[in-house]
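Please keep the sequence and the 3D view at hand.

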Amino acid sequence: MKNRFSSCVKAALALLLALTLGAAGARAQVVNVTASLDDPQIAVGQTTTLRVFAQIRTEDQATTDRIFSWYVDLLNGVTATATADYAALTRTASDQEPATSASGATSGANRTGIHDTFLDRPDAGRLQPVELFAVPVTALAAGQVEFQVRAGTGLDLTDFLVVPADGGATPLTGGDYTAAKVTLTVMAPTVTLAIAPAAVDQFTLSFTPLAGHDHTVQANPDPTNAAGWTDLPGAPHNSGSVNVTNDGGNRFYRIRATPSG
């Protein structure tokens, strides 16, 4: 209990120091901030994870102890293309002490004021990048969207506080956000129809439905005639399976997927 109490007190003091630290003795941009996507190219309806990392720059690693606290915003460039699920944002590598951390606040498509500490993680962000947070991102429409990280706003905090290795009273501060942006490419959804015998004079058309879409299987005796496509009975066919009776004529089939709602 005593050690945990001491940790909380030290973390609170660290953030207080970040609040009151002046320019004197501070060195700008001591931390390099980067962003990545588990999968930078997904289809409409799919989800990937955006991750943000931080590491003390090479020239300061030998004289520093760890990243002690951090405070950033996440910006979503094109809301119609993809959305971030801020309710599912995680800070698993950080301390997550309620008094000295928060997952931020939603401002339009952005998330501001995300902050935490690394008191319980020795060497955090010194020799290896440490994850600040991760958030799921879901594709909504074909196109590209850029996510960007910047110094936190909304609270009177310093974006990064780095503790000197010698225990000195003056911490190093500041983040370099040059590489703290990433582009997600969203591809148009694709659905493939499969055909298999079902019964006498019948066959089954099947496909894997897209999440968040309505699906309609259509038939046409002449695919060169754009006006000849007609919906099969029972549309929308969101079960992913349609039984068709063979009437003896040649017909071509396709599937239309449109966003539901």
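## Starting from Phe-147

Leaving out residues up to four places away in sequence, Phe-147 touches Leu-50, Leu-74, Leu-75, Asn-76, Ala-82, Ala-84, Val-137, Ala-180, Lys-181 and Val-182, where contact means heavy atoms within 4.5 Å. This is a predicted model, in which local features need pLDDT of at least 70 and side-chain atom pairs count only at pLDDT 80 or more, while totals for chains, interfaces and linings use all residues. Residues are numbered from 1 along each chain as its sequence is written, and side-chain values use heavy atoms, with hydrogens and water left out.

Phe-147 is also one of the residues with the most contacts inside the largest nonpolar core, which has 40 residues. Such a core is a set of buried Ala, Val, Leu, Ile, Met, Phe, Trp, Tyr and Cys residues joined through side-chain atoms within 4.5 Å; buried means under 20% relative accessible area, with a 1.4 Å probe and protein chains only. Strand S8 (130-139) is among the elements that give two or more residues to this core, and the largest share, 6 residues, comes from S8. Apart from this core lies another, of 9 residues, including Phe-207 and Leu-232.

An open sheet of 5 strands runs in the order S5-S8-S3-S1-S12, with mixed pairing. Its edge strands, S5 (82-84) and S12 (175-179), each pair on one side only. Strands are DSSP runs of E with at least two residues, helices runs of H or I with at least four, and two strands pair if DSSP finds at least two bridges between them. S1 (residues 31-37) pairs with S12 in the parallel sense over 3 bridges, and Val-31 has Gly-175 in S12 as its bridge partner.

Leaving aside neighbours within four places in sequence, Thr-48 is in contact with residues including Leu-37, Ile-42, Val-135 and Leu-184.

## The whole chain

Here are some totals for the protein chain.

| Property | Value |
|---|---|
| Helices and strands | 1 helix and 19 strands |
| Buried share of the 261 residues | 41% |

Of the contacts with a separation of 6 or more, 74% join residues 24 or more positions apart.

Methods. Buried < 20%, exposed > 50% of the residue type's maximum accessible area, 1.4 Å probe, protein only.
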